Amino acid sequence: MAQLTKSIKTPFDNAVVRRRQMRKLWLAFLLFPAMAILLTFVFLPMASAIWYSVYEWDGLVRGEFIGLGNFQEVLFDPRNNKFLINAFFNNVKVFIALMVFQNGLALILALFLAREPKGYRFYQIAFFLPVILSTVIIGFQWKLFLNPIFGLVNTLLRNVGLGDWAVPWLGLPETALGAMILVNAWHWVGFPTLVFLAAIHRIPKDLIEAARLDGASEWMIARDIIWPLMAPAVTIIVVLTFIGSFNWFEIPYIMGGLEGSPSYSTDMLGLLFYRTAFGSVSAGNSDFGTGSALAVLIFIFIFTFSTIATRYLTSREVELS
Amino acid sequence: MKSIRKIASMAVLGVATFAYAGTALAQTELDFWSWRQEDVKAYNEIIAAFEEQNPDIKVTFTAHEATSYNTILTTALAGGAGPDIMHTRSYGSLEAIAAPGYLEPLDGQIDLSALSADELLGTTLRADGHVYAVPFASQTIVVFYNKDLFEEHDVALPETWDEFLAASQKFKDAGVIPLANGLADAWTMEIMSGAFLPNFYGKDFFGEVTSGATDFEDERFVNALEKFSTLKEFMPQGYEGVDYATMKQLFNVGQAAMFVGGSFDIPTFVNAGVNFDIMPGPAAEAGGPRMVATWLDGGYGVNAASENKEAALKFIQFTATQPFAQMLTDKLANVPAVDGAEISDPMLAKVSAMHEEATPYIMLVAFRFNTPTGSTLLQNGLQELFTGKKSAEEVAADISEGIKSAE
């Protein structure tokens with residue numbers, strides 16, 4: 001402080017310094033709540049998960065330090081790793097299916113909306129509406145729709161003469177995961193649509209007009225002008241879908257239960273983590289050690305791959321000069 | 001303002017009570033935790049009866065949210081806190097808190113003579129053989145049937161397996177769903193199996209499989225699974241996707257003639273106004289036993305770190321007596337674990353009478369201690385069996401292998 005006061009020469013300088021100090025104080029003041037929340041609810045739990053994962057646990061009682069023992073148990077013990085492998089590949093299926101169906105549909109919808117068809121404001125809102133609904137509500141609502149006896153879906157199928165298609169969607173290992181993926185796509189499709197649409201709107205109109213004048217077909221415009229120029233939006237959506245797919249929990253939990261019913265066909269890494277760490281009525285008691293090890297592994301996997309994906313996808317983005 | 005006034009009045013009341021207690025007699029205060037939120041009123045009445053006999057003890061009953069109760073309790077106990085008295089779960093879940101030493105061993109300290117060995121099994125720690133809680137009530141698996149539908153379609157109550165299949169066929173032919181049960185909630189399949197499997201695998205199997213004399217690949221168990229799986233013909237169309245709520249709905253509205261469930265389902269059907277009755281699962285052959293699978297729901301335990309252990313034990317002793325059991329059944333419609341209570345509710349009396357031929361609900365009672373639990377193995381196996389993914393032999397082999405691999 002002494003030094004600071006010494007350097008102050010004129011009243012004008014004084015005011016500038018004071019303003020700067022005020023600004024710093026303001027910044028600190030405004031950042032503090034966000035930082036505090038981040039620290040308490042993000043970084044601290046993350047650090048404690050790593051901390052927990054290197055100890056032996058007897059229920060909630062911490063035992064001795066066992067280094068990487070829990071990781072070894074999760075990855076190499078055949079009793080655990082068969083669930084891990086099964087859940088992991090289910091997550092992979094979810095990611096691929098969401099990329100193709102949810103984001104593919106979103107792209108088509110965005111291209112459609114970008115042409116501003118009649119009543120496009122209405123469509124825009126209609127596509128986005130499910131996004132604002134709570135996942136829990138959507139899970140329960142679709143569970144009712146897909147009910148094999150009273151459900152809307154099967155009733156409709158029977159009424160239009162497709163009674164053979166009226167299968168118990170959530171009860172068969174072959175259809176349960178697919179049904180949940182479609183529900184998720186229905187819920188979320190509005191979000192990538194909106195992001196894609198915003199990206200398309202950012203493309204200068206004259207560029208497209210010029211192409212059109214030069215005789216480019218709609219397909220060529222979409223492929224050669226719109227698609228490369230909306231790359232930043234694609235990057236965001238791919239990475240978010242990747243993170244979302246590997247953290248997928250709510251829909252499978254509500255519609256298939258903690259054990260990934262039927263026969264683990266809808267088991268996800270998130271469900272496996274929950275069962276391991278907190279236990280369930282039939283799956284037995286909680287094990288914080290292996291649960292934390294699993295959480296750390298999931299985190300490392302998602303972090304690594306989304307970083308690589310972001311780097312790669314960003315590198316192929318083109319700038320309009 | 002209102003809250004300030006409230007706090008002030010409470011403070012005044014608190015001081016007054018304290019002063020009163022100080023002059024009259026030193027009262028020991030006991031905290032009592034439970035997951036039974038629906039039973040708060042009844043427990044307060046039961047506690048009042050205890051306090052009348054023991055004016056020097058005051059018990060405060062606190063009910064936590066049921067699904068997170070285990071976590072709340074274990075966290076508190078691990079932190080050196082927790083209540084003086086608590087509702088504990090049974091079997092594997094009891095071990096989770098008894099094994100680390102959070103509970104006071106009760107045998108030798110209180111009289112447990114009004115309880116049978118079978119019931120005490122649920123609150124005994126296998127490692128040291130001590131009893132850590134007084135068992136409170138049992139659950140039983142029964143077959144619910146719609147009396148109106150049986151009458152309307154002129155179906156006689158089945159007593160044997162063959163009669164059961166014939167009755168189911170008759171309902172099916174008449175366009176009534178014979179059995180409301182479905183696969184979507186795996187735990188309901190384990191429940192359903194409890195009504196049928198024991199009568200096929202017989203009385204001795206439980207003892208032999210728990211002692212290691214045999215395993216789940218035993219012919220009796222495979223045969224039981226085989227027979228049980230034929231019931232899928234009589235379950236609702238799309239039974240693979242029928243969940244617990246739908247099952248109950250089908251039975252409630254009279255679309256299904258039978259429903260296999262637990263005694264805990266009785267209030268649901270009473271409230272729904274269904275004209276129903278209950279029966280045990282069918283005997284394998286004419287004249288054979290009709291066993292019902294039962295298990296202990298939980299017990300009352302004492303915190304080993306409690307500062308009021310003497311008073312707490314006094315209360316726990318009270319839970320092991322006939323007057324307590326009587327109140328438990330009268331006020332809470334439970335089948336009490338403690339002997340000697342007169343069960344007034346006719347449906348409950350029927351359940352209790354079925355206990356003459358009781359068999360332990362096998363996976364919960366004996367195989368929910370380690371990972372993977374017998375319950376997850378059986379539930380998943382039954383889903384695979386009923387969707388035709390695996391045969392009875394394969395399912396039995398998976399269960400057997402899983403149980404052997406459990407630590």
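Let me start with a detail: which residue in β8(B) is the bridge partner of B:Ser138? Before I answer, please keep in mind that this is a predicted model, so everything I say is computed from it. The partner is B:Leu296, and B:Ser138 also stands opposite B:Val335 in β9(B).

That brings us to strand β4 of chain B, residues 134–146, which is mostly covered, with 13 of its 13 residues buried. Six bridges join β4(B) to strand β8, residues 292–302 of chain B, and the two run antiparallel, while the pairing of β4(B) with strand β9, residues 335–336, is antiparallel over two bridges. Five bridges connect β4(B) with strand β6, residues 256–262, again in the antiparallel sense, and here B:Phe144 stands opposite B:Phe259. With strand β7, residues 276–279, β4(B) pairs antiparallel over four bridges, and in that pairing B:Asn146 faces B:Phe276.

Turning to how the chains meet, 33 residues of chain B are in contact with 26 residues of chain A. On the chain B side, the elements giving two or more residues are α3 (69–78), α4 (91–98), α8 (186–201) and α17 (374–386), and the largest share, six residues, comes from α17(B). By class, that side of chain B has 10 nonpolar, 18 polar and five charged residues.

Finally, chain A itself, which is divided into domain 1, residues 2–49, and domain 2, residues 70–315, with 41 Å between their centres, taken over C-alpha atoms. An unreviewed UniProt entry lists "transmembrane region" for several stretches of chain A, among them 25–52 and 225–249. In the model, residues 25–52 of chain A are 100% helix and 0% strand, with the end C-alpha atoms 37 Å apart; residues 225–249 of chain A are 84% helix and 0% strand, with their end C-alpha atoms 37 Å apart.

How values were computed
Residues are numbered from 1 along each chain as its sequence is written. Chains are lettered from A and ligands numbered from 1 in the order in which they are written. This is a predicted model: local features need pLDDT of at least 70, side-chain atom pairs count only at pLDDT 80 or more; totals for chains, interfaces and linings use all residues. UniProt positions are given in the numbering used here, feature names are shortened, and annotations may be inferred rather than shown by experiment. Two residues are in contact if their C-beta atoms, placed from the backbone, lie within 7 Å. Ala, Val, Leu, Ile, Met, Phe, Trp, Tyr, Cys and Pro count as nonpolar, Asp, Glu, Lys and Arg as charged, and the others, Gly among them, as polar. Domain bounds come from an automatic or database domain assignment. A residue is buried if 20 or more other C-beta atoms lie within 10 Å of its own, exposed if 12 or fewer, and partly exposed in between; C-beta atoms are placed from the backbone. Two strands pair if DSSP finds at least two bridges between them.
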